[in-house]
Each structure stands twice: as C-alpha cells, then as structure tokens.
Amino acid sequence: MSFDVARIRKDFPILERTVRDGQPLIYLDSANTSQKPRQVLDTLADFYERHNANIHRATHQLGEEATAAYEGARVTVAGFIGAAEPAEVVFTKNVSEAINLVAYSMGNASALGLGGRFALGPGDEIVITEMEHHSNIVPWQLLCQRTGATLRWFGVTQEGRLDTSNIDGLITERTKLVALAHQSNVLGTINPVRSIADRAHAAGALVLVDAAQSVPHMPVDVAALGADFLGFTGHKMCGPTGIGVLWGRRELLEEMPPFLGGGEMIEDVRMERSTFAPPPHKFEAGTMPIAEAATLAAAIGYLGDVGLPALREYEHGLVAHALEALREIDGLRILGPAEPVDRGAAISFTVDGVHPHDMSQVLDERGIAVRAGHHCAWPLHRAMGVQASTRASFYLYNTHEEADALAEGIREAQRFFGVGGS
Amino acid sequence: MRLESLYQEIILDHYRRPHHAGLREPFDTEVRHVNPVCGDEVTLRVTLKDSDAGPVVADVSYDALGCSISQASASVLADLLIGRTVGEGMKVNDEFLALMQSQGEGEPDEDVLGDAVAFAGVSKYPARIKCALLAWMAWKDATAQAMGERESA
C-alpha cells in the first residue's frame, strides 16, 4: 500500500498556517492531541448544518438522522476495534471518563454489596504499572481508598520496558483487575498486553487496556489483545475532542451497576427507585456528544482510507529516523526504547544543561511544537530518575525533514544555553 | 530574535550562578511549592528578625529544581528581599505579580524590582508565568506563616 505524506499533509488545513512570526508549523505534539483533516472538519460542520437534533427521543426527521449518525458511529467503532457487537461500545467524554466509569462502577458494586467480580474489599488487589498516565493511576487510587482494596504495580526498567520479572508475585488470586497502557504516552513503549492479560485471566482477574496512544497509530483488535475493557479517545486520532470510547465485553457491561445517573440511561423511574436500560445506554446518561460521535466515525473512515498498516509502517520509518538523529546529539538521553522495536511514535528525552521548559521554548521559537513537563506521568519520571522531559510525538502528517528540524532545534537550544552541544 | 527578550542576560546569569542558593539554618518556616504542570519545585526557608521598622527578612534560602526562569527567579527574589522589612517585601512581591500578569504591557519600576525587571518578557508567555512566580508564591506563603507564628507566640 502506498503512503504519500505530501498528499496527506494537504488534508490538514492547520499545517498551512505559520506560527511565531511567519515560520511554518512543525507539529510534534500529536500524542497530546492530533490535528484534524478537512474530511473530519467537514463532517462536524455538516452534522450541525444539516442533521442537528437530539437523539433517541426526537420524533421527527432530523431526530432520526441524528440518531442514525450517532448509532452508526457506534457500529463503525465496533468494526474498527473488532468488538463482537455495537452494544459493547459505550461513548464517553475521553479515556479518563472511560476508566473512571469502570472504577466507579466497581465502587458502586462494592458499596451496594452486589458481590461478584466487580465488588472490592480489603484483601482484594488492583494491579497497574508505573508507566501509566495519571488517568490510569488516580481513579484506581480513589477506588482503593473507597473500598479498602490494595493498589499494586509493575515497575519499569531503565530501558523503559515494563518489568514483568515479579509477575507471579503481582498477579495472584487476590487480583481483581489489571489496568495497563497498550503504549506508554511518554516512552512510546508498546507493552506485551496479551501475555499479561493471559496471566490475569488465569488468576481470575479482569483486564482494562488504556489504548489512547495505540489506537490512533496501529490496528487494534480487542479480542486479539485479550482485553475485557479498552478505552481510547477521538481527539488523538484525527477526531474531535469530547468523544471517547469504553469498549467492554457484553456480559461484563450487563453485570456492572451504572456510573452516572440521568436521562436516557433508565428503563423505568419511580420516586422510590429506578431500573436501568441495557448496555450501552445504561452508561450514557444525559445528552451525549452526538456531533462528536458522528465525527469520530469520519475520523475512523479517514484512517481506514489511509490504511492503518501503511500508517504504522510509515511511522516506524519516521521514528527510526528521528531516533537516529537524536542519538547523535551529545548530552541527549532518550527515555524509553532507543531502537524502533515495540515502540510507537512518542519520543521523550532530556538534554544535559537545558531544562525541558527551556528546550520547548527554543523549539517553539522555531515553530516546532512539542510538550515539556511530566506529561501526566509523574511516577514514571521519578522512576526514570528525571524531573521532567521534552516529548516529540509524531503522526501520519510528519516528515523526515521535520525530525531533522527537531534535531537542529535541540542543537540550537544547546548553543543558546551554552552547554556542550555537538 | 525574540528568545533574547525572554531570556535576558540577567536571567541567564542568575540561572548559571544562583545567589543565596541552598538551604540554611536557622530558619523560621519552610515551604515546598510545586508547579503541577511541569513538576518544577522549590523548597524555600524564611528567617525573620525584629527591627525598629518591624520584622525584617533576615534570610531566604532555597533549593530549586526547574527551568532557567524558575531558578533565576528564586535567585533574584533572594537578592531583592533579604534585608528588607516584611512590609516592603510584600510590596515588591505584589509589584512582581502585577508585572507577570501584564501580558507584556507592564512598565516595571526598576527602583522597586531591581534585576526582576528582566522578567518583563516572561509575561508574554502564559505557559511560563507560573515558572517565574513559583519562588515568589513560596516566599509569600513561608513569610505569612512566619508572621502568623510570631503573632501567636
């Protein structure tokens, strides 16, 4: 399959603009949020211009069209990730909400004394990893505080891989759920989800996969991964903000108590008590981001037209080139795998003598957008022995020339701050 | 180039050779402030002493981890505030805060702010204002606590 980056770049209007006094934009912050192609932007405008209505309850033509767009998006998402049926796809605001949905549902199952695999108490354990985004750490800390369960975690090696050497001690019959990132948002590391999921299942635990950083970049199949839950977000995959997905196995979603209560998630409401709709609607209280869901489907269509296997192959070459260019810089340390093996398109690094904030400032002055700080992964930075890092993250519209410009910008920062540049 | 307007030579000098750095004894109060956006942190100690004009800042010592702006800011702060009365120090603090909130339009008074006028360019970069303010917020917090302890003593 051919991959023509010049043609792809023409789809993204924002890449035509200049920043910081007329310099071309070099956008290397797609792990934060991606840019959007014209096809996606047109879908959003078209929905509001032609089909806008509330869904499920409007008894008129626009309501039918809006409902078809929203439920059609659910079908598209289900096909995209290999879900057994569209009802396994719950729309959320983002991955944080998707993870919180599961965590709060488990908390509710515990508080309501429902028993079963979702109820937690003292002696039960949740297992996460040290390389998680805060969104896959904090909800579990809060859940453990509410229920008396214990939080445990896999460490990371200094090479930025998951340290699975103590997996037998970590995943035990006490483990109720294992939650981990498919791909680290800092290190780019792609984790061996399948083998960990198999161990978790053998111990009777459930597996939740944070796929925010993988779904935009590679074909992801929930069954092949061995996940029970999987979350991803639209805005990192050419789609709009405000729309995310929680996929869960049907039997699990049926068993789980609701998270948010409100309109549309009910079956019957009386003043004393209510009963709830079957999934996915049980978890979709209130008016949902309808236009955003419809537009997410357009983003999936766009990525499908490009071809995720071709995209992945192109990014692999691009990341290999970028890693090579960065490795040549004296005093630069890449956090995470230095070779393009089992790693994605996010490259975080430190440079001796130049703080990440100062690095990003110098790069920004040259029109290069990167992220500086701890990237919502503070424990990971502590584990790697650094306070903060600079992250350049690539996507389908980035070029080898942009990776070279990054390397040159880093050297300029070294010169500016008078440290031993090369 | 705009970088020079942000990173004035005074700032880079303070960054490379910070004044009054390190944590010293004795001290009245110690605080630790963190910028949750980037992880920059400062641990700052304040020592007050009595004078005819009221409590005076006898010492400000600190351990700062962070970017050039946040480190230089701590250095300039210690230079400016050591030896001043708490009342004067708070006025300088207010003036610096106003400068940081000026969106590049501020006209700093060098008589009040000294080397801190070099930070005027920072106010044009919203992402960096917190870096410049980190040590100042920590000093205000530590000093308010020290004053509180004096009043309750």
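This is a predicted model: local features need pLDDT of at least 70, side-chain atom pairs count only at pLDDT 80 or more; totals for chains, interfaces and linings use all residues.

Colleague: Okay, what pattern of helices and strands does chain B follow along its sequence?
Modeller: Start with the tally: chain B has six helices and three strands. Now put them in sequence order, and the pattern reads α-α-β-β-β-α-α-α-α.

Colleague: What radius of gyration does chain B have, and what does that say about how compact it is?
Modeller: First picture the box that the C-alpha atoms of chain B fill, roughly 50 × 30 × 25 Å along the principal axes. For 153 residues the globule rule gives 15 Å, and the chain comes close to that, so it is as compact as a globular protein of that length. The radius of gyration of chain B is 15 Å.

Colleague: What share of the contacts in chain B comes from residues 24 or more positions apart?
Modeller: Here you count contacts with a separation of 6 or more. Of those in chain B, the share from residues 24 or more positions apart is 64%.

Colleague: Which helix gives the largest share of the side of chain B that touches chain A?
Modeller: In this meeting of chains, 11 residues of chain B are in contact with 14 residues of chain A. By class, chain B's side has seven nonpolar, three polar and one charged residues. The largest share, three residues, comes from helix α1 (residues 2–6) of chain B.

Colleague: Which element supplies the largest share of the side of domain 1 of chain A that touches domain 2 of chain A?
Modeller: The contact takes 23 residues from domain 1 of chain A and 24 residues from domain 2 of chain A. On the domain 1 side, α11 (308–327), β15 (346–351), α13 (378–383) and β18 (389–393) of chain A each supply at least two residues. By class, that side has 13 nonpolar, five polar and five charged residues. The largest share, five residues, comes from α11(A).

Colleague: How far apart are the end C-alpha atoms of helix α14 of chain A?
Modeller: Helix α14 (residues 400–416) of chain A has 17 residues, and at 1.5 Å a residue it should span 24 Å. The model agrees with that, as its end C-alpha atoms are 24 Å apart.

Colleague: Within what arc do the buried residues of α14(A) fall?
Modeller: The buried residues of α14(A) include A:A403, A:L406, A:I410 and A:F416. On the other side of α14(A), A:E401 and A:R415 are exposed. Seen down the axis of α14(A), the buried residues line one face of the helix, because they fall within an arc of 165 degrees.

Colleague: Last one: is A:R343 buried or exposed?
Modeller: A:R343 sits in the loop between β14 (332–335) and β15 of chain A. Leaving out residues up to four places away in sequence, A:R343 touches A:G188, A:T189, A:I190, A:G336 and A:P337. Since 20 or more other C-beta atoms within 10 Å count as buried, and A:R343 has 23 of them, A:R343 is buried.

Definitions and conventions: Residues are numbered from 1 along each chain as its sequence is written. Chains are lettered from A and ligands numbered from 1 in the order in which they are written. Two residues are in contact if their C-beta atoms, placed from the backbone, lie within 7 Å. Helices (H or I, at least four residues) and strands (E, at least two) are DSSP runs, numbered from the N terminus. Ala, Val, Leu, Ile, Met, Phe, Trp, Tyr, Cys and Pro count as nonpolar, Asp, Glu, Lys and Arg as charged, and the others, Gly among them, as polar. The expected span of a helix is 1.5 Å times one less than its number of residues. A residue is buried if 20 or more other C-beta atoms lie within 10 Å of its own, exposed if 12 or fewer, and partly exposed in between; C-beta atoms are placed from the backbone. The arc is that of the directions from the helix axis to the C-beta atoms. The radius of gyration is taken over C-alpha atoms; the globule rule is 2.2 Å times the number of residues to the power 0.38.
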